[in-house]
Amino acid sequence: MSKELNIGLVGFGCVGSGLYEVLNKSKLIDATIKKIVVQDPYKERSISKTNFSFDINDILADDEINTVVELINDSDEAYKIVKKALESGKDVVSANKKLIAEHLDELIFIAAKNNASFLYEGAVAGSIPIIRNLEEYYNNDSLTSIEGIVNGTTNYILTKSNDGVDYDTALKEAQKLGFAELDPTLDVDGFDSKYKLVLLLKHAFGLNVAPEEVQNIGIRNVTKYEIAYANEKGYRIKLFSKAEKIGDNVVGFVAPHFVKKDHFAFGVDNEFNALVVEALFSDKQLFIGKGAGSYPTASAVLSDISALKFEYKYEYRKTSEDSQLSFTNDFFLKVYIGSPFVEAINQIPFYRVDELFQSDDYAYQTGWVKFSELEDYNLNHRKEISLVILPEPFKGSESLFSGKLERHRVALEV
Ligand code: HSE
């Protein structure tokens, strides 16, 4: 028997209005939107004003509404709404990755206590059904890594930059197309990708990792010089969220990467997202699809709504008190660091330098850095420093260096 769903929809922006259309057009799901609550009574919308109310209690206090679909931008407000809805035993669907990454444990607890379901497929990689696959299909400990592009805005900007469009124009287009967050800093500085990675870490490895523990380096400082370097070497630049199990450790981070032509992400362009899941026996499996935009994200939300008809809940079977796994930032990466200022490059501690280049107006250095040390340099806010990861697997210190580990401070000539 499937459950009868009476939906309270919170938010009617890009995804909310998309969901309204998709749900009404699709005869596949028998669910009714009983109320829609929005914040701004004066905003022009695609359907008549009479469809809206402006007080969240019209949904929260309505006992006939058993399903709250939360699709607003403000993650603090969304947190309050989701919490109250779960506390009153209503099932909740949300696509708000920031809210979920910041409060996941608490919300899981509240949902379980009130026998409610909390689903959020639309929060990670738009239309790609990655959460439910990690949860159900990869329901064992054989996963070894998950990596990919989970932000449509930055992939759109990087694709356009490669075609010669400047950064600001590309960002404006991404905003117009409904891909970017209200505050696009979240996209370009890698926060959005980080929140999504936190959810992937939970469902792939059962790890509870706070967003503050994960380092995110975005694409804000990728310049024409990095694009030129990529073209010269036959690479493309992509913003990756990565997590990999190394022994009892899981490393995870967000940063721009140079990718080679034979890499799965090389031809993944515009707002498309792609993830590769690697497991011990199946080897690599690729998921690809639209990662942002009204209908693609709405399709994932719709799928969650459909799952609620059968009272589906995530079970978090990989989260266990006995787990030996722990999250770490302690590993080495091969990076490219470019800057118009040699002094800026020389500030970054390299443990091995592989390549140096210096011209009148730009310099770069490639080599191995300790990832945890990069945090001290606040790279998203150092406009003069561009960091892109080179296509080499990351390593623990033992495998990279024999003998004493020393910082290599002598680099380009000032
Ligand atoms: N701003 C997000 C992106 C929206 O560009 O991917 C989808 O989560």
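**Domain layout and aromatic pairs**

In the predicted model, the protein is divided into domain 1 (5-123), domain 2 (130-291) and domain 3 (331-396), and the C-alpha centres of domain 1 and domain 3 lie 43 Å apart. Residue A125 is placed in the loop between β6 (118-119) and α5 (130-137); its relative accessible area is 0%, and A125 is therefore buried, the cut-off being under 20%. Beyond its neighbours up to four places away in sequence, A125 touches V150, K196, N273, L275, K290 and G291.

Helix α11 (residues 294-308) comprises 15 residues, which at 1.5 Å a residue should span 21 Å, in agreement with the 21 Å between its end C-alpha atoms. Among the buried residues of α11 are P296, V301, L302 and I305.

The structure holds 21 aromatic pairs. One of them, formed by Y225 and Y362, is stacked, with 3.8 Å centre to centre and 10 degrees between the planes. Because Y225 lies in helix α10 (residues 224-233) and Y362 in the loop between β15 (350-358) and β16 (363-370), this pair ties together parts that are 137 residues apart in sequence. Y225 is partly exposed at 28% relative accessibility, whereas Y362 is buried at 5%. The rings of F258 and Y336 have centres 5.5 Å apart and planes at 85 degrees, so this pair is edge-to-face; it links strand β10 (residues 249-259), which holds F258, to strand β14 (residues 332-339), which holds Y336, 78 residues apart. F258 is buried, with a relative accessible area of 1%, and Y336 is buried, with 0%. Both residues belong to a cluster in which ring pairs link Y229, Y235, F258, Y336, F357 and Y364.

Technical notes. Residues numbered from 1 in each chain as written. Predicted model: local features only at pLDDT ≥ 70, side-chain atom pairs only at ≥ 80, totals over all residues. Heavy atoms only, no water. Domains from an automatic or database assignment. Helix = DSSP H or I, 4+ residues; strand = E, 2+ residues; numbered from the N terminus. Buried < 20%, exposed > 50% of the residue type's maximum accessible area, 1.4 Å probe, protein only. Contact = heavy atoms within 4.5 Å. Expected span 1.5 Å × (residues − 1). Phe/Tyr/Trp six-rings, centres within 6.5 Å; stacked < 30°, edge-to-face > 60°.
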